[in-house]
Amino acid sequence: MDTYDYRARHLPVVLAGLPVLWTLAIVIVDFGLSLSWPLLTASGVTAAVFMLFGRFARAKGREVQVNLSKDWGGMPATAMLRHRDTRLNPHTKALYHERIRALGQPFRMPTREEEDVDPASADNLYGAAVDELRRRAKAGDNKAVARENVGYGFARNLYGLKPYALGLAGLCFIALAALALWRSGGALAAVRPIDALALAALVGYAGVFALIVTPSFVRHHAEGYSAALLETAATLPARPRRTKSKSTDPA
């Protein structure tokens, strides 16, 4: 398991599954259940479960990415290379275009007029450039790009798991509320403070998740990753300048 798998795929699973872990902990403590069996089986099952749900988180993250990309008008890295996009300083963007263009004909950057006439074709060229920058950043083990990529993957996958996290929080709230009422004999006034605190924690978790894990949260990280990736264009070799050879008069 590398850093990306742990932080971008498995950590969102843990955060989305916190209501279940919280509920199990309360039930185990309340009923004095033995932890010997869970501890005995955890080592063998945890790896398989994390691999399965890590892939599930990745799949859900990719699903929401498609919809978010449509809402954003394209993925940020591609969009930020457009002439009409204003998120980059125009002089910085011109440098990126120049360095990408120096890679050769497959990475020709469209002019503003070409982009206005055929935006889809322009985006294809920008997308090819982004793919090449991503390939070079990975091959060069660019730490800034890798760090931002982990942040974006975490945000995207966590947002993809949002419906499941809130659903689990609701189910766990119902289960703990039923347990609390059963212990109090059905009298709300007799519910133990610890049970009320456990229910309040679930409500707080759902509220924080609903308010923080939003499309804006994902976009912030997507733009951070895109900016770091595009910055690598400035390190590409510049196109060599042509020098005119001086003619000499015959002797």
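The exercises below work through the fold, cores, surface and salt bridges of one predicted model.

The model is predicted, so local features need pLDDT of at least 70 and side-chain atom pairs count only at pLDDT 80 or more, while totals for chains, interfaces and linings use all residues. Residues are numbered from 1 along each chain as its sequence is written, and side-chain values use heavy atoms, with hydrogens and water left out.

## Exercise 1. Fold and surface

Solution. 
- Step 1. Apply the rule: helices (H or I, at least four residues) and strands (E, at least two) are DSSP runs, numbered from the N terminus.
- Step 2. Count. Along the sequence the pattern reads α-α-α-α-α-α-α-α-α-α-α.
- Step 3. Check burial. Buried means under 20% relative accessible area, exposed means over 50%, and partly exposed lies in between (1.4 Å probe, protein chains only). Of the 251 residues, 35% count as buried.
- Step 4. Take the area, using the Shrake-Rupley method with a 1.4 Å probe; for residues, only the protein chains shown count as cover.
- Step 5. Look at contacts (heavy atoms within 4.5 Å). Among contacts with a separation of 6 or more, 79% join residues 24 or more positions apart.

## Exercise 2. The nonpolar cores

Task: find which residues of the largest nonpolar core touch the most other members, and which helix gives the most to this core.

Solution. 
- Step 1. Define the set: buried Ala, Val, Leu, Ile, Met, Phe, Trp, Tyr and Cys residues joined through side-chain atoms within 4.5 Å.
- Step 2. The largest core holds 41 residues, and Leu81, Ile100, Leu133, Val218, Leu229 and Leu230 touch the most other members.
- Step 3. Helix 11 gives the most, with 7 residues.
- Step 4. Check its length. The expected span is 1.5 Å times one less than the number of residues. For the 17 residues of helix 11 that gives 24 Å, and the end C-alpha atoms are 24 Å apart, which agrees.
- Step 5. Zoom in on Ile100. Leaving out residues up to four places away in sequence, Ile100 touches Leu81, Phe107, Met109, Ala129, Leu133, Ala233 and Leu236.
- Step 6. Note the second core. This separate set of 8 residues includes Ile26, Cys172, Leu199 and Leu202.

## Exercise 3. A nonpolar patch

Task: name the residues that make the nonpolar surface patch.

Solution. 
- Step 1. Select residues with over 30% relative accessible area and no salt bridge; like charges are joined within 9 Å, nonpolar side chains (Val, Leu, Ile, Met, Phe, Trp, Tyr) within 5 Å.
- Step 2. List the members: Val20, Leu24, Leu168, Leu171, Phe173, Ile174 and Val203 make a patch of about 600 Å².
- Step 3. Assign them. Helix 2 (18-31) and helix 9 each supply at least two residues. Helix 9 gives the most, with 4 residues.
- Step 4. Check one member. Phe173 lies in helix 9. Phe173 is partly exposed, at 32% relative accessible area.

## Exercise 4. Salt bridges

Task: count the salt bridges, and say where the partners Arg87 and Glu223 lie.

Solution. 
- Step 1. Set the rule: a side-chain nitrogen of Lys or Arg within 4 Å of a carboxyl oxygen of Asp or Glu. The count is 13 salt bridges.
- Step 2. Arg87 and Glu223 meet at 2.7 Å, N to O. Arg87 is in the loop between helix 4 (76-79) and helix 5, Glu223 is in helix 11, and 136 residues separate them. Arg87 is partly exposed at 33%, and Glu223 is partly exposed at 24%.
- Step 3. Glu63 bridges Lys60, with the closest N and O atoms 3.4 Å apart. Both lie in helix 3, 3 residues apart, about one turn. Glu63 is partly exposed at 47%, whereas Lys60 is buried at 17%.
- Step 4. Take the loop pair. Asp141 bridges Lys143 at 3.8 Å. Asp141 sits between helix 7 and helix 8, and has a positive phi of about 55 degrees although it is not a glycine. Asp141 is exposed at 52%, and Lys143 is exposed at 60%.
- Step 5. Join shared partners. Asp85, Arg87, Arg219 and Glu223 form one network.
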